[in-house]
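Please look through the sequence and the model below before reading on.

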Amino acid sequence: ISNCIIFIKFTSNGHLWEGIGFAIAFDLCRQFSGDVVLTARDTARGQAAVQQLQAQGLSPRFHQLDIDDLQRVRGLDVLVNNAGISFNIPDPTPFHVQAEVTRKTNFFGTRDVCTELLPLIKPHGESDEEPKPCWFWHDLPCLPLLSSTSPCYLSLLCYTDSLLCLHWPNTTYGVMKISITVLSRIHARKLSEQRRGDKILLNACCPGWVRTDMGGPKATNSPEEGAETPVYLALLPSDAERPHGEFILEKKVEQW
C-alpha cells in the first residue's frame with residue numbers, strides 16, 4: 001500500500017466509531033493527502049464509520065482487521081494503533097478473567113501487530129510524496145522481558161490481593177498501558193539499531209482525559225482535543241528526527 005495511513009480501531013462496546021477514534025480518523029482524512037484506511041474487527045460498524053466520513057466529503061477506505069487474528073498488509077507509510085479494550089469499573093466479571101482478556105488484546109494483540117507490521121513500515125522517501133514514516137501507539141502507554149511474559153507477572157494479574165500488596169494498580173487496563181509504553185521504547189531502540197537509515201519514528205502517546213464512554217462525561221477534553229496529539233505524531237514533517245521512543249502528552253514529551 002503506497003502513500004497510506006493505516007488506522008487500527010478495536011473496542012468491545014456498542015459505540016465502535018465515536019469519541020477519540022472517530023476524531024482521529026476525521027482529522028487524518030482531512031490532513032493526509034494519501035489514502036487513509038480504517039480498520040475494525042466488526043465490518044458493519046467499520047463500514048458505517050466510512051459512510052459517516054464520506055457524508056462529510058471525505059474519502060476513507062475500510063479493511064476488516066482484528067488484532068487478535070491478524071491479516072497481512074504489504075507496505076505501510078504510517079500506522080496509528082488505537083486498539084484496546086477496558087472493563088467498566090462495576091463490571092462483575094472476575095478479576096482474573098478481566099486480566100486474561102485485557103492482556104490478550106491490549107498487550108499481546110498490540111505486540112503481535114508490531115511483529116507483523118513493523119517490518120512493513122517503509123523507509124523514508126520510498127513513497128510518492130515522501131511522508132515521514134511514523135509508527136506509534138495511541139493511548140496504550142511490556143515488561144522489560146518481551147517473550148511470552150513472565151509467569152510471575154501473570155500470576156500477579158490473577159490475584160487482586162497480590163497486586164495490592166506489591167503496589168500494582170488494581171486495574172489490568174492501567175498495567176497494560178504501562179506495558180505498551182515500555183514495548184514502544186524497546187521497538188524504538190531496535191529501530192535505531194537495526195534500521196537507522198530508514199528514519200522511522202516510533203512513539204507512544206496519551207490523549208488525556210477525554211469525554212468518551214470510558215472517560216465519562218466529567219472528563220476535561222473533548223474527543224477532538226484528544227485526537228490532536230495522535231494526529232500530530234502521525235503527520236510529523238518529513239525532516240523530523242524526533243520525538244522517537246518517547247511518551248507524548250499534549251504534543252510534548254513526558255518523563256515517566
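Which residues in α3 meet which residues in α6? The model in which we look for them is a predicted one. On the α3 side they are Phe95, Gln98, Ala99, Thr102, Arg103, Asn106, Phe107, Thr110, Arg111 and Cys114. On the α6 side they are Thr172, Tyr173, Met176, Ser179, Ile180, Leu183 and His187. Sorted by class, the contact of α3 with α6 has eight nonpolar, seven polar and two charged residues.

Two packed helices are described by the angle between their axes and the distance between the axes. For helix α3, residues 95-117, and helix α6, residues 172-194, the angle is about 20° and the axes are 10 Å apart. Angles under 35 degrees count as roughly parallel, and α3 and α6 are therefore roughly parallel to each other. Their crossing is right-handed.

One residue of this contact can be followed further. Glutamine 98 is found in helix α3. Is glutamine 98 buried or exposed? Its relative accessible area is 13%, and buried means under 20%, so glutamine 98 is buried. Leaving aside neighbours within four places in sequence, glutamine 98 is in contact with Phe87, Asp91, Thr93 and Thr172. Thr172 is also among the α6 residues that meet α3.

A second pair of helices is α1, residues 20-31, and α7, residues 223-234. These helices pack at an angle of about 50°, with their axes 8 Å apart. α1 and α7 are therefore oblique to each other. The crossing of α1 and α7 is right-handed. From α1, the contact takes in Ile20, Ala23, Ile24, Asp27, Leu28 and Gln31. From α7, it takes in Pro223, Glu224, Gly226, Ala227, Pro230, Val231 and Ala234. By class, there are nine nonpolar, two polar and two charged residues in the contact of α1 with α7.

Now to the strands. Strand β2 covers residues 35-40 and is mostly covered, with five of its six residues buried. How do β2 and strand β3 pair? They pair in the parallel sense over four bridges, and β3 is made of residues 61-64. In one of these pairings, alanine 40 has glutamine 64 in β3 as its bridge partner.

The loop between α2 and β3 holds glycine 57. Glycine 57 has a relative accessible area of 63%, and exposed means over 50%, so glycine 57 is exposed. The C-alpha atoms of glycine 57 and arginine 30 are separated by 9.3 Å, although these residues are 27 apart along the chain.

Last come some details of the backbone. Most residues other than glycine have a negative phi, and most peptide bonds are trans. Lysine 199, in the loop between α6 and β6, has a positive phi near 55°. Lysine 199 is partly exposed, with a relative accessible area of 48%. Glutamate 250, in the loop between β7 and β8, also has a positive phi, of about 55°. Glutamate 250 is exposed, and its relative accessible area is 59%.

Which residues does a cis peptide bond join? They are arginine 242 and proline 243, and omega is about 5°. Proline 243 lies in the loop between α7 and β7.

Conventions:
Residues are numbered from 1 along each chain as its sequence is written. This is a predicted model: local features need pLDDT of at least 70, side-chain atom pairs count only at pLDDT 80 or more; totals for chains, interfaces and linings use all residues. Side-chain values use heavy atoms; hydrogens and water are left out. Axes are lines fitted to C-alpha atoms, for helices over the stretch in contact, and angles run from 0 to 180 degrees between N-to-C directions. Helices (H or I, at least four residues) and strands (E, at least two) are DSSP runs, numbered from the N terminus. Angles under 35 degrees count as roughly parallel, over 145 as roughly antiparallel, 65 to 115 as roughly perpendicular and the rest as oblique. A crossing is left-handed if the near helix is turned anticlockwise from the far one by less than a right angle, and right-handed if clockwise. Contact means heavy atoms within 4.5 Å. Ala, Val, Leu, Ile, Met, Phe, Trp, Tyr, Cys and Pro count as nonpolar, Asp, Glu, Lys and Arg as charged, and the others, Gly among them, as polar. Buried means under 20% relative accessible area, exposed over 50%, partly exposed in between (1.4 Å probe, protein chains only). Two strands pair if DSSP finds at least two bridges between them.
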